[in-house]
Amino acid sequence: MTKIDVLVGLQWGDEGKGKIVDVLTPAYDVVARFQGGPNAGHTLEFGGTKHVLHIIPSGIFHKEKTNLIGNGVLIEPRIFRGEIEELAAKGVDATQNLLISQKAHLILPTHRMMDAANEQSKGGAKIGSTLKGIGPAYTDKTARNGIRVGDTLSPDFANRYNALRDQHIRMARTLGFDVEAFRIDGMTLAEYEREWMAGLDCLKRFRLVASEYFINRCLREGRKVLAEGAQAMMLDIDFGTYPFVTSSNTITAGVCTGLGVAPSAIGRVMGITKAYCTRVGAGPFPTQLDDETGRLLCEIGHEYGATTGRPRRCGWIDIPALRYACMINGVTDLFVTKPDVMNDFDTVSMCTSYRINGRETDEIPFEYNTAPIEPVLTPYPGWKQSLDGTPSYDRLPARLLEFLAAIERGTGVNIAAVSISPDRKDVLFKQ
């Protein structure tokens with residue numbers, strides 16, 4: 001029986017998971033998403049073209065590989081249909097290699113309304129939701145009110161859908177939300193609902209499976225499976241910077257519940273980190289740079305959310321947070337992306353510890369959101385040269401190799417590969 005390998009983000013998302021999954025897919029038979037929903041934005045670039053996926057696994061461009069949307073994923077049918085149509089326009093027929101778990105939950109149009117209503121009710125305490133309905137849909141899931149993909153084939157689906165929709169409308173009005181004025185992508189709720197139902201018809205064209213049986217059968221048969229996470233460690237509902245987090249378990253443990261595999265079935269855990277750090281939305285960010293360096297990281301790195309379009313907050317790499325992420329996830333291999341963004345910097349830095357109320361620590365404190373955290377920075381000389389055309393890991397500039405070695409020492413995990421451009425061909429594996 002083979003093990004299931006896992007790929008997770010180790011920061012606040014946007015580390016380049018989609019690209020690395022795409023690069024690794026040829027070595028696997030199945031790529032399976034295990035959590036998250038359309039709040040994710042996985043960007044892949046090859047052949048001079050950029051592709052952004054939100055719900056569909058990043059192995060979809062390899063037509064000979066099976067892709068699975070697992071039970072832990074949330075599916076918004078209209079967004080799903082849009083992805084399918086975009087893939088078709090690029091010559092990719094996803095009906096041939098995409099399977100969908102019967103137990104994956106659906107995001108209803110009114111989940112998106114509730115997301116907006118909840119954010120409005122928080123006033124200045126907003127958490128920076130993507131407004132894709134993620135939180136309300138997971139809330140209904142845990143409250144045992146949710147609707148799953150398999151439920152759409154039931155004779156009483158319409159009754160269940162209408163009951164949940166009407167409940168959401170009542171709740172939104174209780175919060176003082178103007179339901180009639182609400183728009184999703186410029187559409188009224190009723191107009192969007194028609195589009196949503198058309199998306200549901202598209203969804204039903206795919207093979208709906210008991211994904212837990214499918215995955216375990218693959219492992220018994222010796223097929224290689226890669227589990228793809230969305231968002232990242234520091235957005236985990238339990239171990240992230242709560243309450244500024246997503247609504248699911250983004251960590252390795254989420255694979256067990258999001259795909260239905262035993263802990264003993266987990267193999268390699270590949271963690272992705274940028275050579276610096278970014279964050280979208282509200283929440284603590286100790287190494288954030290509100291200066292010209294931060295602006296340069298944003299501009300050179302094209303740091304704008306693939307899902308929201310919002311500019312990302314940028315700062316130096318945070319070793320205490322990265323070490324914490326490696327510990328919680330059991331990371332066996334590190335992948336580092338985007339050192340090329342800092343090619344022209346005279347100096348690059350990394351945070352090696354925190355100073356909190358005069359006390360120095362290298363651990364993540366419970367008061368992470370509220371305590372005044374000062375990052376203790378260690379500077380490194382910049383490599384001051386382009387990485388274009390670098391043929392192998394060991395031919396990277398000596399100063400960059402020194403910086404990467406410091407990441408290994410700080411986390412206690414070896415780097416497996418470095419990505420030096422957005423293109424899939426520019427991933428250098430350490431020999």
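Visitor: Which residue forms a salt bridge with R81, and how far apart are the closest N and O atoms?

Guide: A salt bridge needs a side-chain nitrogen of Lys or Arg within 4 Å of a carboxyl oxygen of Asp or Glu. R81 pairs with E85, and their closest N and O atoms are 3.1 Å apart. This is a predicted model, in which local features need pLDDT of at least 70, side-chain atom pairs count only at pLDDT 80 or more, and totals for chains, interfaces and linings use all residues. Residues are numbered from 1 along each chain as its sequence is written, and side-chain values use heavy atoms, with hydrogens and water left out.

Visitor: Where do R81 and E85 sit in helix 2?

Guide: Helices are DSSP runs of H or I, at least four residues, numbered from the N terminus. R81 and E85 are about one helical turn apart, because four residues separate them in helix 2 (residues 77-89).

Visitor: Is K17 buried or exposed?

Guide: Buried means under 20% relative accessible area, exposed over 50%, and partly exposed in between (1.4 Å probe, protein chains only). K17 is buried, as is E15, and their side chains form a salt bridge at 2.9 Å, N to O. R81, by comparison, is partly exposed at 27%, and E85 is partly exposed at 45%.

Visitor: How many salt bridges does the structure hold?

Guide: There are 24. One of them joins R173 and E180 at 2.4 Å, N to O. R173 is partly exposed at 46%, while E180 is exposed at 53%. Elsewhere, salt bridges with shared partners link D14, K274, E303, R312 and K338 into one network.

Conventions:
Helix = DSSP H or I, 4+ residues; strand = E, 2+ residues; numbered from the N terminus.
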